[in-house]
Amino acid sequence: MSYKNSHDQCSNLDHEQDSEFTRMTDKAVSRRGFLVGTGALSLGAFIGMSPLAQSVQAAMGTEVKSKMIGFKPIAASTADSVVVPEGYNVANLISWGDPIFANAPEFDPSGKAPASTQAQQFGDNTDGMTLFPLSDERAVMAVNNEYTNNDLLFAHKGENMTADDVKKAQNAHGVSVFEIQKTSKGWEVDRSGKLNRRITANTPMELTGPAVGHDLLKTAADAEGKEVLGTFNNCANGETPWGTYLTCEENFHNYFGTADESYVVPVEQKRYGIKPADKRYQWSKFDERFDLAKNPNEPNRHGWVVEIDPMNPEAKPLKRTALGRFKHENAALMIDNSGHVVVYLGDDERGEHLYKFVSKGKYDTSNQANNRDLLVEGTLYVAKFSATEGELKGKGEWIELTFGKHGLTPENGFNSQAEVLIHTRLAATQVGATTMDRPEWVAVHPGKKSAFCTLTNNKNRGKKDNQPVDGPNPRAGNKYGQIIRWMPANADHTSVEFDWDLYVIAGNPTVHKGSLEAGSSNITSENMFNSPDGLGFDKGGRMWIMTDGKYSNKDDFAGMGNNQMLCSDPATGEIHRFLSGPIACEVTGLTFTLDQKTMFVGIQHPGEKGKPSHFPAGGNSKPRSTIVVITREDGGVIGA
Ligand code: FEO
Ligand code: CA
Ligand code: CA
């Protein structure tokens, strides 16, 4: 089956840098008199800017001025359902536990089904996903299954684990690949699809790139350091124009532990949060591979970006060590005008960093087979930001993480490029990278002149010495998050220089007045949200923002409702609420059909931690992570 390329570039997007919003921000920022760049800021420094911010907010309201956004924004919602604008429809595609193979067992809500059942069903906690079109009526969906809600997965709620339970949890992780088809009832899973596949925490995969075979990747089961079992905590994703799927390993540290009291966690592993206690998943108690004392190098084999061929169910997934080891959020891959592959990568932890990979080879438009190894070799960089005095914008540089450069030398504990990549976080600290407010998804504007990253929140900002209040991270104890934008020098994404600004600072303008907690001028009482996380562009250049934040709807978060999805026009800076998720969910994962008339959105962990959700089936049913399908009643382009 041939893969129909869904990555056509848009032609008419050159306005992105000269946008009205950029100019508005410039003016707003200079009049506000932000004091940035030399040490900590007090909130008092921002009080002088509030009148302008308030007046712009009043002017924006719910009125949609953008020419690319055509829906009527929705109000915040606390309902236990997916709410979309008038004229839009929502249907369910697949929920945790639904079969993805013919003859596979149906979902059993009792929590008593064995591990073998889960291996044939959609995993838990749907996250990043990509649709690979085969035709107008058929496509392959590749979806991450990030983690497990043990209180829902097991009848005993995870309190009486067995070896089979651990296997079941491992089978609920990883990636689900399945064909979908358009029927008279809409898009449906084809359980007989030849490409259907479950990739779990036990699927054999190959290590590739500069770290392959290094001693730190060797274990008793793999003396050569070349083959790893499984992928888990697959957060967000990416896709390549040569038709492969990228899945990103995030919080891998939670799956390891040991009962051996003599085991001391080395400093290199502490940086990733590895601890002997294994209370959450308890895999180490029943699977020696996760016992730190028995397999101290196993954690080094996780925390990578994995490339998967969704068109070949037999193909071994490939872990790409050249892209660094950290708590990967997504992999925003683009082909630079030079032909090099550029992948932007966030490391989602308080005070961690933003990265960029540039391939050594160039993309071959004439023969896709020649592109298969482009992620094997290249240069990894980490971002360092500086702020223009008094403004929330400035310059930045990408610092190369290459053995022998910038102090990445034996005197500082780095003996090879493999060690630089296995200990990427330590390397970033060594070169003086900027600590960020939890970099989540990156998205590159289809016009290729700018890129954006959600910095979701960071309670440690301003409270830890290595996380001072600074330009791109301007608020102490940041509870709302912001989206940073950067423009590479000469629109060349391989350049080591860029300009940056803050595209939006989330906040609550009804609770807070006269401080940066109210948010930037494009935040209003009508569109406010917290903790931006998922991020992506459609082909028309609309930017979609998904949230994973506080859904209490009270105090600092009053008026925000449940987690949600918003649509923004980068040319005007407007942001409008498009969707609200059910109770206690996170909205994460986004992909479209080629014609942009169907949007797939992930609803993760409705009813987490025992909250009262019964999404999607209602009644008294168990809440289940679900991919929803959104269309327009008039069959038009989503968002337009
Ligand atoms: Fe899996 Fe950073 O979210
Ligand atoms: Ca996320
Ligand atoms: Ca998040």
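## Glutamate 146

Glutamate 146 lies in the loop that runs between β3 (138-145) and α4 (150-153). The model is predicted. In this model glutamate 146 is buried but forms no salt bridge. Arginine 280 carries the nearest side chain of opposite charge, and that side chain is 7.9 Å away. A salt bridge would require a distance within 4 Å.

The side chain of glutamate 146 does make a polar contact of 3.0 Å with the side chain of glutamine 604. Apart from neighbours within four places in sequence, the residues in contact with glutamate 146 include Asp124, Asn125, Asp127 and Glu250. Also among them are His173, Tyr255, Cys235 and Gln604.

## The calcium site at ligand 3

Three residues coordinate the calcium ion (ligand 3): Glu440 and Asp533, through OE and OD respectively, and Asp548, through OD. The distances are 2.3 to 2.4 Å. Along the sequence, the spacing of these donor residues is E-x92-D-x14-D.

Glutamate 440 and aspartate 548 come from distant parts of the chain, 108 residues apart. Glutamate 440 sits in strand β18 (residues 439-444), while aspartate 548 is in the loop between β23 (543-547) and β24 (564-568).

The calcium ion (ligand 2) is 3.9 Å from the calcium ion (ligand 3). Glutamate 440 coordinates both ions.

Key. Residues are numbered from 1 along each chain as its sequence is written. Chains are lettered from A and ligands numbered from 1 in the order in which they are written. This is a predicted model: local features need pLDDT of at least 70, side-chain atom pairs count only at pLDDT 80 or more; totals for chains, interfaces and linings use all residues. Side-chain values use heavy atoms; hydrogens and water are left out. Donors are N, O and S atoms within 2.8 Å of the metal (3.2 Å for Na, K and Ca); water is not among the atoms, so sites may look incomplete. Helices (H or I, at least four residues) and strands (E, at least two) are DSSP runs, numbered from the N terminus. Buried means under 20% relative accessible area, exposed over 50%, partly exposed in between (1.4 Å probe, protein chains only). Lys and Arg count as positive and Asp and Glu as negative; His and the chain ends are not counted. A polar contact is a pair of N or O atoms within 3.5 Å; within protein, one must be able to donate a hydrogen and the other to accept it, and residues adjacent in sequence count only if both atoms are side-chain atoms. Contact means heavy atoms within 4.5 Å.
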